[in-house]
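Biologist: I would like to learn how to read a structure like this one. Could you walk me through a few features?

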Amino acid sequence: MTTAILDVRNVSKVFSRRRSTADDSGVRALDDVSFTLDQGGSTAIVGESGSGKSTLARIICGLETATVGQVLFQGAPRGAGRGRAARRQEARQIQMVFQDPYSSLDPRQSGHSCLDETLRVHTDRSARERRDIVAGLGEQVGLGEKELQATPRRLSGGQRQRLAIARALAVEPSVLILDEAVSALDVSVQAQILNLLVDLRRARGLSYLFVSHDLAVVRQISEHVIVMRKGAIVESGRTDDVLSNPKAPYTRLLRDSVPRRGWQPRRSSRPADPTDPLGRPQ
Ligand SMILES: Nc1ncnc2c1ncn2[C@@H]1O[C@H](COP(=O)(O)OP(=O)(O)O)[C@@H](O)[C@H]1O
Ligand SMILES: [Mg+2]
């Protein structure tokens with residue numbers, strides 16, 4: 001039996017409007033959202049812009065608090081850890097990678113120094129151990145010594161995203177949340193990063209929450225999918241089932257409006273069917 005690493009229970013989120021407004025009903029970004037993520041699993045959250053995907057990701061990561069409901073990590077409520085060390089340990093477990101790593105990377109700091117600092121803050125490793133770990137992380141995400149010495153502005157978009165992934169991995173998380181993490185990249189670079197994620201999941205036993213509006217990408221990387229609309233889950237299940245045979249009209253609409261894509265994971269050697277909107281193998 002697989003155990004849930006994340007258990008999201010009846011989470012709602014209302015953002016209050018500006019105080020000056022008479023209407024205090026607020027924006028209901030999430031409405032009673034529940035789902036579980038299996039240990040080592042890979043679940044995608046899809047839906048149009050404004051459907052609440054990022055808000056849900058941020059609540060799970062601890063960057064935002066739920067108005068109602070709770071998130072359990074390995075069976076215990078998030079934020080229940082007592083003491084600073086316990087809370088720090090808890091915060092490490094779920095890491096997030098954003099669409100634009102440039103805004104979360106210090107433009108004056110080299111990749112090497114960024115990763116070293118992350119290790120210094122979150123672990124008790126010695127300088128020598130950190131140097132070895134940084135080199136190992138670089139190797140894992142495909143950044144060489146030269147790239148690690150460069151500042152983010154000298155890196156390509158794909159390299160910056162590799163650095164952001166390396167930084168997330170540096171603290172050895174159990175769950176990686178990727179919020180539109182490949183959406184801004186060229187298709188070929190996107191394919192490289194997706195392959196990297198597939199490899200990392202296998203090598204590290206990571207669990208993924210993959211937020212995306214791109215169903216072709218979702219089909220390749222996620223075993224399960226959650227379809228969100230206006231803050232609520234309209235449909236969920238195994239990715240193949242949901243996307244091949246959508247029950248909800250909204251899922252059908254999403255599926256039929258995706259651009260054609262041809263990315264193929266390593267496990268499939270067949271070319272994509274150019275007539276298939278999801279880029280499925282022929
Ligand atoms: N900090 C915030 N304050 C007020 N409203 C917000 C805030 N963050 C998100 N929202 C609103 O919540 C809804 C869901 O947004 P978001 O989670 O970013 O959706 P998605 O990631 O699916 O595009 C939107 O209506 C958005 O305007
Ligand atoms: Mg978003």
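This is a predicted model: local features need pLDDT of at least 70, side-chain atom pairs count only at pLDDT 80 or more; totals for chains, interfaces and linings use all residues.

Biologist: What is the phi of Asn-10 near?

Modeller: The general idea is that most residues other than glycine have a negative phi. Here, Asn-10 has a positive phi, near 50°.

Biologist: Where is Lys-230?

Modeller: Lys-230 is in the loop between strand S9 (224-229) and strand S10 (232-238). Its phi is also positive, near 50°.

Biologist: Why does Lys-230 count as partly exposed?

Modeller: We count C-beta neighbours: 20 or more within 10 Å means buried, and 12 or fewer means exposed. Lys-230 counts as partly exposed because it has 15 such neighbours inside 10 Å. Asn-10 has 13, so it counts as partly exposed too.

Biologist: And Ser-16, buried or exposed?

Modeller: Ser-16 has 11 C-beta neighbours inside 10 Å, so it counts as exposed. Ser-16 lies in the loop between strand S1 (4-15) and S2. Its C-alpha atom is 6.4 Å from that of Val-27, eleven residues apart along the chain.

Biologist: Which residues surround ligand 1?

Modeller: Val-27 is one of them, and the others include Phe-15, Ala-29, Lys-53, Ser-54 and Thr-55. Strand S2 (27-38) and helix H1 (53-61) are the elements that each give two or more residues to this shell. H1 supplies the largest share, three residues.

How values were computed:
Residues are numbered from 1 along each chain as its sequence is written. Chains are lettered from A and ligands numbered from 1 in the order in which they are written. A residue is near a molecule or strand if its C-beta atom, placed from the backbone, lies within 6 Å of it. Helices (H or I, at least four residues) and strands (E, at least two) are DSSP runs, numbered from the N terminus.
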